[in-house]
Amino acid sequence: MYQYAAVLGHQPHISLAELSAAIPGFSLESLETKTVALFSTPEEIDADLINLLGGTIMLAQRITEADVSMSDIPKLLSGEVTKVKKKVTFGLRCYNIPRGDIKTAYRKGKEEMKRQGRPCRYIGNDKKPAATALLKDSGVVSGKKGVELFVIRRPNELWVGKTIGIQDIDAYTHRDMEKPVRDTTVGLLPPKLAQILLNFGGWMAREALPEEEKKKNAARKRKKKEIYTVLDPFCGTGVILMECLLRSWPVEGSDVTTKAVNGSKKNIEWIRKELKILKKDVSDSVTKHDATKAFSHKTLPDIVVTETSLGPNLSKKPNKTELKSLVKESEKLQEAFLQNAAATLPGVPLVCTWPFWRLGAENVRLEKIWDALTKAGYEAVLPDEIVADNPERPSLLYQRKDQFVGREIVILRPIEKS
Ligand SMILES: C[S@@+](CC[C@H](N)C(=O)[O-])C[C@H]1O[C@@H](n2cnc3c(N)ncnc32)[C@H](O)[C@@H]1O
């Protein structure tokens, strides 16, 4: 088994669910803090995976299983940088370790490098590990110019790993802020959340493979990149579509408004140019279509991944009566869409977000839709080891403090007819 630490994003329950969905054989070992999870996997993780995980900020791989202590850090450090040419850069990212011990480890690390006649510099200090931007630029994550050791004091052991991946914040900001069409009136889906939804979709598609295919995939040492075809029937200005293209997943988008369709097309054209994603390598199409009306796909998509309507753009918090009518409207739309998907996209799993509203301390969620989804022939599921607040209504709530409308993520598997 390979062991890893993940630094989770600001919605850790969703980040964990994403890890479980994206990494076959994922097994959660412990949550060391609210945002640091330790887990193991039967296969080694490709460090590039971090670029497809919206909910994980950093990944570290354990480098020793032997019983080690802080005094072993200099030795572990030098063992990790044998291939580094010229100057060695190193850092320590420590959890539950007293500052004095971190300071000593830095000093001894430097002394060890000096003893070996190797010039070195360290990033971060006993008060704070290196900022992520510095880490990215310093070449320690790739291992080319050095290493950052990731150290956690656990009750019975010292867990020591090395940082192998770090989220590229600049790339997300660029995709989010620089795309030509941003429509604030329908809500802006963060690219990270789009990735999370796609990873849930990937899990569903993998699960739906015939048993034989699953076994073949598991047996293949170096698996081929997973490619799934996606439909986003409420595509808005196309964040999900763009994220599909980035991972080479062919995608179709549709929306009921011409404005959204044109917006998506422009954004797709932009991302293709920016990142040189060629049509011959990965296809897309965007059409005007009402998601409650029959889909007519010659070949069904592997998955539907979509952020459904968040409802009208509100200038102020609605009162209880207004909220009731918002809920009713949304239930009607969601139900009509589910019935339509069941009839015209048979057997295709759906990953959707539904709106919910925050009224003071209370979350007002869609209610009737839970019966409707069973009637339409779906069951809501969550990735392995992920426990829902309400096991009868498994879903994940995504909310931001500054936003009044949240998104309830549901993963809907078609119920097999016996
Ligand atoms: C929350 S937005 C989706 C935003 C999108 N994820 C993005 O990246 O911009 C919901 C979209 O659903 C569309 N919509 C609402 N009712 C629809 C329907 N019946 N069929 C298709 N699209 C619909 C709206 O026009 C809106 O663009």
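This is a predicted model: local features need pLDDT of at least 70, side-chain atom pairs count only at pLDDT 80 or more; totals for chains, interfaces and linings use all residues.
1. Two residues are said to be in contact if their C-beta atoms, placed from the backbone, lie within 7 Å. By this criterion, residues 24 or more positions apart account for 74% of the contacts in the chain with a separation of 6 or more.

2. Overall form. The chain contains eleven helices and 17 strands. Its radius of gyration is 23 Å, close to the 22 Å that the globule rule gives for 418 residues, so the chain is as compact as a globular protein of that length. The C-alpha trace spans about 70 × 50 × 45 Å along its principal axes. Of the 418 residues, 40% count as buried.

3. Domains. The domain assignment divides the chain into domain 1 (2-167) and domain 2 (171-414). Between the C-alpha centres of domain 1 and domain 2 there is a distance of 33 Å. To the contact between them, domain 1 supplies 14 residues and domain 2 supplies 16 residues. On the side of domain 1 that touches domain 2, the largest share is that of helix α1 (residues 12-22), with eight residues. Classified by type, this side of domain 1 has eight nonpolar, five polar and one charged residues.

4. In soluble globular proteins, nonpolar side chains tend to be buried together. The largest nonpolar core of this model has 107 residues, of which Ala6, Leu149, Leu197, Ile303, Val304 and Val351 touch the most other members. Nine residues of this core come from helix α6 (residues 191-208), which gives the most. At least three residues are drawn into the core from each of domain 1 (2-167) and domain 2 (171-414).

5. Val304 in detail. Which residues does Val304 contact, leaving aside its neighbours within four places in sequence? They are Leu231, Pro233, Ala341, Leu345, Val348, Leu350 and Val351. Val351, like Val304, is listed among the core residues that touch the most other members.

6. The ligand shell. There are 22 residues around the ligand, and Phe234, Gly236, Val239, Val256 and Ala291 come nearest. By class, the shell comprises twelve nonpolar, seven polar and three charged residues.

7. Pro394. This residue belongs to the loop between β15 (378-381) and β16 (396-398). Is Pro394 buried, exposed or partly exposed? A residue is buried if 20 or more other C-beta atoms lie within 10 Å of its own, and exposed if 12 or fewer do. Pro394 has 16 such atoms within 10 Å, and it is therefore partly exposed. Although Pro394 and Ala380 are 14 residues apart in sequence, their C-alpha atoms are 6.0 Å apart in space. Apart from neighbours within four places in sequence, Pro394 is in contact with Ala380, Val381, Leu382 and Ala388.

8. Ser248. The phi angle of Ser248 is near 65 degrees, a positive value in a residue other than glycine. Ser248 is placed in the loop between α8 (239-246) and β10 (251-255). It counts as partly exposed because it has 13 C-beta neighbours inside 10 Å.

9. Lys276. This residue, which is not a glycine, has a positive phi of about 50 degrees. Its position is in the loop between α9 (258-275) and β11 (284-288). Lys276 has 8 C-beta neighbours inside 10 Å and so counts as exposed.

Methods: Residues are numbered from 1 along each chain as its sequence is written. A residue is near a molecule or strand if its C-beta atom, placed from the backbone, lies within 6 Å of it. Ala, Val, Leu, Ile, Met, Phe, Trp, Tyr, Cys and Pro count as nonpolar, Asp, Glu, Lys and Arg as charged, and the others, Gly among them, as polar. A nonpolar core is a set of buried Ala, Val, Leu, Ile, Met, Phe, Trp, Tyr and Cys residues joined through C-beta atoms within 7 Å. Helices (H or I, at least four residues) and strands (E, at least two) are DSSP runs, numbered from the N terminus. Domain bounds come from an automatic or database domain assignment. The radius of gyration is taken over C-alpha atoms; the globule rule is 2.2 Å times the number of residues to the power 0.38.
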